[in-house]
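Hello,

Here is the structure I promised to pass on. Please open it alongside this note, which goes through what turned up.

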Amino acid sequence: MTKPQTAPLTLRAQIEKRPLTEAFHITGYTFTESEVLVVSLHDGEHTGRGEGLGVYYRHDTPASMLKQIEGMRETIERGITREQLMRWLPPGGARNALDCALWDLEAKRQGKPVWQLAGTLAPQPLLTTFTLSAEDPDIMAVRARELPDARALKLKLTDDGRNAQRVRAVRAARPGVWMMTDANQGFTRQSLREALPAFVEAGVAIVEQPFPIGREDWLDGLNCPIPLAADESVQDHHDLQNLHGRVQVINIKLDKCGGLTEGLSMARMAQQLGFQVMVGNMGGTSLSMAPAFVLGSLCSVVDLDGPVYMQDDRVPSVSYKGGRIWCPESVWGGPATAEA
């Protein structure tokens, strides 16, 4: 449990826009930049920071998140705990940014890294997927070869009937790589059924979010030989029970569930229910990846590649080597160092 604040806080919240290296396509959306809300909490001695992107398909944007936070400014600056935050803000990007800032601040106050405060294992480099935008099959094959260090790939698919060709093209380009697919709600039962033989032939390990939110019943009785993962269909722990027996993997994103506090609780609850746990991201800088990296020690699948697709990242930053992500404590969540 976090201790109540004994000193007032100074809140700073601002929106930043960071361009991507190129347009990124998924079902129904194209992204050209990463817009984030950065929150900092200063207690007069230490500063904690957090970053949130929100959940675009729920109209949870940095602008709406900023409005939420400014509406609570007086309450926040009087001092707030993570437990209070869970009650006072709903799941989403605003709570994520504030929750992560509080974790970072607590680490600096106590002189202990967040992973110790959270009771997770000491951090190690984590194997991460690298995501391929939904493009023409030959372009996706080229992109796959342009990531020679990647040991795991996540293929974005869409609803145009060429998904089998995409999977075959990437498999031919990278014969030995671990591979999963993500349709972002873009399949019907029929289109998935038609694509599955190519997925099986290519050795796809996980099929993520094949069907739209609200059509979880399409998963009932589905004869799928590949493990299924839920992303958009599972926002926080309240959605877990509805997916029990329907999917095998739960993708936790801190922007969806509303922060590391809920993410840790959700992961442990999911494991108790027999799910495999995955940690993902909505994009963002190293400041978004860092708290998710802490959660990654509880996960069997890690998808934390957001900064790879940005023109510039924060300094210090996470690093990628040999297909793995590493997050130094200097990025976020470490004990205090000398502060200006």
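Start with K253: its side chain makes a polar contact with the side chain of D231, at 2.8 Å. Bear in mind that this is a predicted model. K253 sits in the loop between β10 (249-252) and α10 (254-257). Its relative accessibility is 7%, so K253 counts as buried. Leaving aside residues up to four places away in sequence, K253 touches D231, G280, N281 and M282.

Next, a helix pair. Helix α4 (residues 93-110) packs with helix α11 (residues 260-272). The angle is about 95 degrees, and the axes are 8 Å apart. The two helices, α4 and α11, are therefore roughly perpendicular to each other. On the α4 side, the contact is made by R95, N96, D99, C100 and W103. On the α11 side, L260, T261, E262 and L264 take part. By class, this contact of α4 with α11 has 4 nonpolar, 2 polar and 3 charged residues.

Now the cysteines. How many disulfides does a search of the whole structure find? It finds 0. C100, one of the α4 residues in the helix contact, is in no disulfide. The nearest cysteine sulfur to that of C100 belongs to C257 and is 8.8 Å away. C100 has 1% relative accessibility, so C100 counts as buried.

- The peptide bond from V315 to P316 is cis, with omega near 0 degrees. P316 is in the loop between β12 (301-302) and β13 (319-321).
- H59 is a residue other than glycine with a positive phi, near 60 degrees. H59 lies in the loop between β3 (47-52) and α1 (62-71). Its relative accessible area is 68%, so H59 is exposed.
- Q209 also has a positive phi without being glycine, with a value near 40 degrees. Q209 is in the loop between β8 (206-208) and β9 (228-230). Is Q209 buried or exposed? Q209 is buried, because its relative accessible area is 3%, under the 20% cut-off.

Best wishes

How values were computed:
Residues numbered from 1 in each chain as written. Predicted model: local features only at pLDDT ≥ 70, side-chain atom pairs only at ≥ 80, totals over all residues. Heavy atoms only, no water. Axes fitted to C-alpha atoms, helices over the stretch in contact; angles between N-to-C directions. Helix = DSSP H or I, 4+ residues; strand = E, 2+ residues; numbered from the N terminus. Parallel < 35°, antiparallel > 145°, perpendicular 65-115°, else oblique. Contact = heavy atoms within 4.5 Å. Nonpolar A, V, L, I, M, F, W, Y, C, P; charged D, E, K, R; others polar. Buried < 20%, exposed > 50% of the residue type's maximum accessible area, 1.4 Å probe, protein only. Polar contact = N/O pair within 3.5 Å; in protein donor to acceptor, adjacent residues only side chain to side chain. Disulfide = S-S within 2.5 Å.
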